[in-house]
Amino acid sequence: MISFTSFPQPQDAYKRPEIEEDEDMEVDEDFMENGTLKLAWPGESLTSSHAYMRGHGTYVDNEEVIASVAGIVERVNKLITVRPVRTRYNPEVGDLVIGRITEVQARRWKVEANSRQDAVLMLSSVNLPGGVQRRKLESDELQMRTFFEEGDLLVAEVQAFFGDGTMSLHTRSLSYGKLRNGQLVTVPPNLIRRLKSHFISLPCGVDLILGLNGYIWISKHVKESDREGEEGFDAEGVYSNKNDAIDDSTRTAISQVANIISVLASHAVPLNDTVLLEAYEWSVEQEGGPKALLQDDVGDALVVTVASRS
Amino acid sequence: MSSRIEILNAGGYRSDGRRQYELRTIAIDFSPQGSNPDGSATISHGLTQVSVSVYGPREAKMRSQTFHDRANINIELSIAPFSAGERRRRGKGDKRILELTQTLKSTFEPVIQTSLYPRAQIDIYVQVLQQDGGLLQACINATTLALVNAGIPMLDLVCAVTGGVHSTSALLDLTQLEENDLPNVTIAVMPRSGKIALVSMETRLHVDRFEEIFRLAGEAGTVIHSEMKRAVKEKTAKLVDAMQLGKGSAAPNAENDY
């Protein structure tokens, strides 16, 4: 088990990992064989390019594989990659993301999703009103703004990539679509790992959607039956811009969860359902309500608690 | 024009008590500046302080500025009116600012691997907070660190240092006072390959002295490099360490190394 006494630790408390020095690089048959964590930074020479292949975060110069980002060195057989510790979101097909509409174009929406370029949501990749499966009509094209408008938040899945690396999204599922009744919190994308389910319901009447792009939607709990509507798909509900009535206790719970997430993110704690649940349980026992969490000492105590329990 | 203050006294000390080749204290801070940047860094070389925020690679605001095969680098520099001894407001169109911006851009364009992000844009906002000589040097070093912090792939860390010459003796890392009186040159090096990213000279320097200063600045660059590397290493180790937390006992080998 790890034991964290205080957090964040003073800088000299970090014993830096044993970094192999450049002299050892000639003997790269056993490069990274010992299983220790190796860190790299731009310009750090990793190994010879004869014996190994360069992956992401590296480049080859003068027959050497050299890191181009600061992060952890990873090796899969002969492939050397450096995974940056902090970066923008790198999309993969099947990822659940949360985005914001920035532009309405012909038969498509542009969605800002914390990636290197805006994502595209095609009109053909959304569920249209009046039945889940039907051909899109010209009238649908004309009233695209009734579905999604500039500034709307939505949850979607990465469907495919275009030739230039832009991601294409789809919302062809009842759990995807426009977001309402809640609040958005952004965290660094690498804090959110791929989980079994990115839809989390906390017992305090709060639903969470953890987007892999680092956007988190915290909203009032919606009952499973309500979400589906009468005939399985309720266009009014899905594309509605109106929030439901949210009572005070739910509002407090939402802010509480939002503050927990920003505290954990500022300490670079990876988020998942158990961590959030434990953090919430701990925080409701504290006095002062949601705003107390943002004080440094309370925040540190929260992180220590979460660390000791996980 | 000669200064009333001795640049280099008989004992071999400079006006702020340093020796000829001594650098000023370097302080590096990676805490985020501005509204939720992807990477940021503040560096101080003695009393010169520069803070940089990096956003991106992200969707370009103006489509006309994009390139189909690489990212566009957009640098904006502003100098706080209170940063120098004499209060002075410089607008965006100020010649000095435009020149510095252009210098920074041409320094970093070949170093950043822009071809990995076609059609995207990388925004770099440089804010000068305090000036006491070596402005370009501080801007370059701070930008390098902010780019590393943002996880943007670069060929190497770019380390800049200012050198000057007083009669026949070379000085490093000049203060404003020295910079006003001495011929000086700013040199940015990439220590891994030993390549020079930038040489900028705004004063006349005797050709016989140039080689010595050039060599000294190259050496001083490696000193700054080790300082920057240490800061990056510390920050990376700290983040990696925190990231292990959620994994629990799944990765027992990793925790013991810290």
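So, helix α4 of chain B gives the most to the lining of the largest cavity, with 4 residues. Helices here are DSSP runs of H or I with at least four residues, strands are E runs of at least two, and both are numbered from the N terminus. By cavity I mean a set of points, on a 1 Å grid over the protein atoms alone, where a 1.4 Å probe fits but cannot get out; a pocket is an open set with protein on both sides within 12 Å along at least five of seven lines, and lining residues have an atom within 4 Å of a point.

Quick housekeeping. This is a predicted model, where local features need pLDDT of at least 70, side-chain atom pairs count only at pLDDT 80 or more, and totals for chains, interfaces and linings use all residues. Residues are numbered from 1 along each chain as its sequence is written, chains are lettered from A and ligands numbered from 1 in the order in which they are written, and side-chain values use heavy atoms, with hydrogens and water left out.

Back to that cavity. It holds about 80 Å³ of space, where a volume is the space filled by probe spheres set on grid points joined across faces, edges and corners. Both chains contribute residues: A70(A), V85(A) and R86(A) are in the lining, along with F30(B), V148(B), N149(B), G151(B), V232(B), K235(B), T236(B) and L239(B). Besides α4, helix α2 (135–149) of chain B also supplies at least two of the lining residues. By class we get 6 nonpolar, 3 polar and 2 charged. Nonpolar covers Ala, Val, Leu, Ile, Met, Phe, Trp, Tyr, Cys and Pro, charged covers Asp, Glu, Lys and Arg, and the others, Gly among them, count as polar.

How many cavities of 30 Å³ or more does the structure hold? There are 3. Of its 10 lining residues, N127(A), T171(A), S173(A), Y176(A) and V238(A) are the closest to the centre. That lining has 6 nonpolar residues, 4 polar and no charged ones.

Now the open spaces. The second largest pocket comes in at about 1,200 Å³. It has 42 lining residues, and R83(A), P84(A), T87(A), R88(A) and N90(A) sit closest to its centre. Which element gives the largest share of that lining? Strand β7 of chain A does, with 5 residues. Helix α4 (207–244) of chain B shows up again here, supplying at least two residues, as do β4 (58–61), β6 and β7 of chain A.

Where does β7(A) sit? It belongs to an open sheet of 4 strands in chain A, ordered β1-β6-β7-β3 with mixed pairing. At the edges are β1 (39–40) and β3 (53–54), each pairing on one side only. Two strands pair if DSSP finds at least two bridges between them. β6 (residues 71–76) and β7 (residues 79–84) of chain A run antiparallel, joined by 6 bridges. One of the bridge pairs is G71(A) with P84(A).

Last stop, T250(A), in helix α5 (residues 248–266) of chain A. Buried or exposed? Its relative accessible area is 11%, so T250(A) counts as buried; the cut-offs are under 20% for buried, over 50% for exposed and partly exposed in between, with a 1.4 Å probe and protein chains only. Leaving aside neighbours within four places in sequence, T250(A) is in contact with G205(A) and K220(A), contact being heavy atoms within 4.5 Å.
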